[in-house]
Amino acid sequence: MTKPLRPALLSGILLAVLGSLCPFLWFVLTSFKSQIQVEAIPPTWWPDGSVGFYASALIEHRLLHYIRNSVIVAGATTVIALVVATPTAYALARLRMAGKAWILGGLLCVAMFPHIVIAGPVWQILERLGGLNTHWGLVLPYVSLTLPLAVWILTTFFQELPFELEEAARIDGCTGWQALYRILLPLAAPGLFTTAILTFIYAWNEFFFALLILTDPEHQTLPVGIALFQGEFTMPWGEIAATSVIATLPLIIIVLLFQRGIISGLSAGAVKG
Amino acid sequence: MAGLALRHIEKTFGRTRVLHDVSLEAGEGEFVVLLGPSGCGKSTLLRIIAGLEPQTHGSVHIGGQCVDTLPPPDRDIAMVFQHYALYPHLTVRENLAFGLKMRQEPKPVIEQRLAETAALLEIHDLLDRKPRELSGGQQQRVAMGRAIVRKPQLFLFDEPLSNLDARLRASMRVELKKLHQRLGTTMVYVTHDQAEAMTLGHTIAVMNHGRIQQIGRPDQIYHEPGNPFVAGFIGNPPMNLFEGSYRLHQRELEFRVGDLTLKVPFQVHDPAGTDAGTATLGVRPEDVTFDPPGSRHVAVAGTIDVIENLGGDSVVYLIVEGQPLVTRTSPVLRQHAGDSVTAYMKKIHLFINENRVPLPSS
């Protein structure tokens with residue numbers, strides 16, 4: 001990198017980071033304001049540090065209840081998607097079979113469908129199956145929507161692992177499955193982490209299907225819960241901001257935790273050559 | 001009892017046939033080298049022996065037992081891979097023990113074998129390291145250790161030294177030879193490096209285009225190559241090969257290529273029963289001298305094109321009647337490019353219809 005380029009690049013990076021952080025910063029600030037500050041015109045920048053909105057979000061708006069629902073749905077989606085995607089990706093990466101490119105291309109096409117197009121059919125199917133207003137009724141479409149991406153990411157990871165490792169494992173006495181979980185999975189851990197994070201974030205943030213399928217507040221997830229905070233006459237901006245902060249924190253924590261795993265996994269040299 | 005027997009192995013991938021009727025036997029404790037250029041099918045053959053790849057036809061016998069239906073773990077073999085294939089997330093100790101653990105050997109046995117192997121390969125200090133903390137040569141040792149620790153009936157090596165630098169390769173070659181002498185286990189070794197093949201093998205099987213071209217002891221392969229491919233593949237610099245026409249006279253054979261006519265004073269029995277036709281004539285660079293040798297030789301006059309002085313000997317590129325002729329002479333030749341010289345061919349190889357025609361040597 002040449003010297004004159006560096007300041008330009010650095011300011012670009014700063015701009016991008018600030019730009020993406022701005023909305024987040026604003027609702028973090030808002031969440032610590034009082035009702036008077038929130039409605040003040042011209043707006044006040046610095047909050048007085050009150051935590052009243054957090055208290056009312058937790059107590060009046062049953063925040064923990066929504067968090068519980070979101071954890072169940074996003075957690076189940078992540079686990080199921082990984083359990084299904086891992087053997088699928090392994091097979092696509094390793095086995096000699098016809099039409100591999102078509103399968104991968106097909107998966108990509110499915111992932112590209114606009115949600116609104118499949119909303120009607122999904123609703124009808126779930127109605128017949130009795131899946132409306134249940135957690136599994138939401139997990140099911142989430143899994144099928146996240147699977148294509150999960151399979152793609154994991155297939156790439158498995159393809160990058162040298163075939164010789166598996167053959168060595170076979171000769172050392174492993175069956176195909178043993179080679180997969182004793183040798184390949186530990187090495188594909190960064191790929192598994194990445195897939196898990198993306199799937200979890202998707203399921204945690206998803207709003208459209210959650211709104212469509214869950215009309216009963218008992219089962220609603222966080223995004224739907226936040227959206228339905230609005231009362232008859234007022235818009236509870238403070239509570240929404242407080243809830244959004246709480247909803248975002250787990251994602252940040254998860255990403256930071258898994259990031260370590262990703263980096264240490266990537267730095268492990270698999271094979272020389 | 002044979003250590004390894006391959007009977008009429010054929011292999012096709014889709015419509016491409018990569019192995020044609022390969023048969024090979026190795027005695028107990030023998031070191032067999034599969035030698036050939038890349039893409040000749042030697043690695044595929046090794047993988048078939050290992051059971052990693054099913055053959056299309058034919059059968060594999062290890063220790064007298066047909067193993068065609070057995071998966072790799074049940075074949076009592078160990079394999080050393082070209083890129084070592086050490087498990088990156090396990091320590092050296094765990095890498096070595098992995099195969100024994102999978103076979104549910106009792107702990108004391110594993111400990112004892114580990115100690116033996118570490119002693120044999122001098123890798124005690126490395127046992128607690130991860131593969132990425134090892135140098136190329138150390139990884140190579142561990143890869144061999146992982147094979148040795150299992151005490152298999154048959155070792156398979158897939159170009160194990162090709163990732164090492166030249167100096168390390170030479171020293172590992174010697175170690176490998178010592179190792180074989182110490183263990184006395186049957187070994188099959190795949191390489192494209194003729195020096196490895198010549199120094200390591202009891203038997204060399206030269207392969208090309210999915211066929212075995214010749215099986216023999218290293219000296220047989222060198223001195224009596226069965227066809228022009230083997231003749232050209234073994235030797236450094238490679239054998240001079242001329243494709244031309246021949247005519248048989250009473251006591252000698254006349255060979256023509258371009259403007260060059262060679263009168264070969266050896267009695268030849270033409271296998272085809274005709275006394276003229278096309279043939280390939282070969283002469284090794286080290287069989288060309290600038291001093292008249294014994295009675296029977298072929299003298300040619302040429303000019304020196306290039307001299308490469310290698311210290312102990314020199315490689316001289318001659319032009320003889322428009323044909324290039326490479327010679328390797330010792331001691332170093334005290335002449336210069338452009339000089340006219342007479343060269344003497346001591347030993348000539350003749351191939352008619354791709355087959356060797358024996359000539360009595362001088």
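Among contacts in chain B between residues at least 6 apart in sequence, 64% link residues at least 24 apart, a contact being two residues whose C-beta atoms, placed from the backbone, lie within 7 Å. This is a predicted model, where local features need pLDDT of at least 70, side-chain atom pairs count only at pLDDT 80 or more, and totals for chains, interfaces and linings use all residues. Residues are numbered from 1 along each chain as its sequence is written, while chains are lettered from A and ligands numbered from 1 in the order in which they are written.

Chain B has 8 helices and 21 strands (DSSP runs numbered from the N terminus: H or I, at least four residues, for helices, and E, at least two, for strands).

Chain B splits into domain 1 (2-232) and domain 2 (233-357), with bounds from an automatic or database domain assignment. Their centres, taken over C-alpha atoms, sit 38 Å apart. Where they meet, 13 residues of domain 1 of chain B are in contact with 13 residues of domain 2 of chain B.

As for the two chains, their contact takes 19 residues from chain A and 22 residues from chain B. On the chain A side, α8 (163-171) and α9 (176-187) of chain A are the elements giving two or more residues, and α8(A) has the largest share, 6 residues.
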